[in-house]
Amino acid sequence: MSTYPDTSKTIQLIKELVEIPSPSGNTDQIMGFVEEHLSDLDVEMKRNRKGALIITIQGENTLSHRMLTAHVDALGAMVKEIKADGRLRLSMIGGFRWNAVEGEYCQIETSSGKTYSGTILMHQTSVHVYKNAGEAKRDETNIEVRIDEKVTNATEVRELGIEVGDFVSFDPRAEITESGFIKSRHLDDKASVGMLLELIRQIKTKGIVLPYTTHFLISNNEEIGYGGNSNIPPETVEYLAVDMGAIGDGQCTDEYTVSICAKDSSGPYHYGLRKHLVQLAEDNGIDYKVDIYPYYGSDASAAIKAGFDIVHGLIGAGIDASHAYERTHESSILHTENLLWHYVQSKMVKE
Ligand SMILES: [Zn+2]
């Protein structure tokens, strides 16, 4: 039997996930991939109206449930305006800075499903023409898309089928390095989705009987604030969001351990559950960091805000340069997968 976790297998799956475009609001294709990926396993799956997927594994205790969630939706944009010169103005989907996507390749998807490639650029990019190319503000006025088609005006762009409201996704540029890193856009939160899918596979193939009925919610509206705040069965006691650990000045989180969140912008996570996660890490030789994320919210805090009476927690791999060109290391994936493995088989803090 294979040893678990096999991080190289998880990282390959994460690479496949980041390469499927899935800006919030346009996640059908990636949900189809997730369903297909699990189709050989005997698990209950259903999509809610919002388009998220709920996977359920029955446990010994069917009265108290657990839910784990990770989100497949990613940052992206929408065509805001077709300019007179044939360039596209964008409207952001999710929270990022324009400079984080400057120079990035992108894909425009028309409403009929046709796709075109392009590049996200400052209008004043050419230093041979624009004196202020370096100083001009990176914002929705100056940032535009250059479509890789022979177009010079709005009419020609419209003839391609491109319209206001079309989704634009960013090239992930995913790469796995010899030194054990995966660098890519959208590791937030596809790294966690990859880990949950691998966890489900291991539970089923190893024939593990979980102590409680456990739901896995693959949510699709997290970046816009309401991914995991519905379809939580009333029996759910514990609700764990698996989402990126935030790295930066003053943060303990790094790319080599699992990050356990004590508090984010929404306030403290459930103290008892946090201590339980720390204890599980201590007992099983899992390297972890407890941290506070200053500008952050998760599907678990969204669920609390929506009024669910649950015990909520948040853990995840440490992701560097979040909402830009991100990176993490296989050791962070390893420790996060290990903590998840022990968590789903542990006793609840409160039943
Ligand atoms: Zn996230």
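These legends describe close-up views of a predicted model. Local features need pLDDT of at least 70 and side-chain atom pairs 80 or more, while totals for chains, interfaces and linings use all residues. Residues are numbered from 1 along each chain as its sequence is written, and side-chain values use heavy atoms, with hydrogens and water left out.

**View 1. Helix H2 packs against helix H4.** H2 covers residues 28–38 and H4 covers residues 187–205. Helices (H or I, at least four residues) and strands (E, at least two) are DSSP runs, numbered from the N terminus. The axes lie 11 Å apart, at an angle of about 20°. Axes are lines fitted to C-alpha atoms, for helices over the stretch in contact, and angles run from 0 to 180 degrees between N-to-C directions. H2 and H4 are therefore roughly parallel (angles under 35 degrees). H2 contributes Ile 30, Val 34, His 37 and Leu 38 to the contact, and H4 contributes Lys 190, Leu 197, Ile 200 and Arg 201 (heavy atoms within 4.5 Å). These residues divide into five nonpolar, one polar and two charged. Ala, Val, Leu, Ile, Met, Phe, Trp, Tyr, Cys and Pro count as nonpolar, Asp, Glu, Lys and Arg as charged, and the others, Gly among them, as polar.

**View 2. Phe 96 and Phe 170 form an edge-to-face aromatic pair.** Their centres are 5.4 Å apart, with 80° between the planes. Rings of Phe, Tyr and Trp (its six-membered ring) pair if their centres lie within 6.5 Å; planes under 30 degrees apart count as stacked, over 60 as edge-to-face and the rest as tilted. Phe 96 sits in the loop between strands E5 (88–93) and E6 (105–109), and Phe 170 in strand E9 (residues 167–170), 74 residues apart. Both Phe 96 and Phe 170 are buried. Buried means under 20% relative accessible area, exposed over 50%, partly exposed in between (1.4 Å probe, protein chains only). Ring pairs link Phe 96, Trp 98 and Phe 170 into a cluster.

View 3. Most residues other than glycine have a negative phi, and most peptide bonds are trans. Asp 189 lies in H4. His 186 belongs to the loop between strand E11 (181–184) and H4. At 8% relative accessible area, His 186 is buried.

**View 4. Ala 321 has a positive phi.** The value is about 55°. Ala 321 is in the loop between strands E18 (311–319) and E19 (326–329). Its relative accessible area is 31%, so Ala 321 is partly exposed.

Methods:
Angles under 35 degrees count as roughly parallel, over 145 as roughly antiparallel, 65 to 115 as roughly perpendicular and the rest as oblique.
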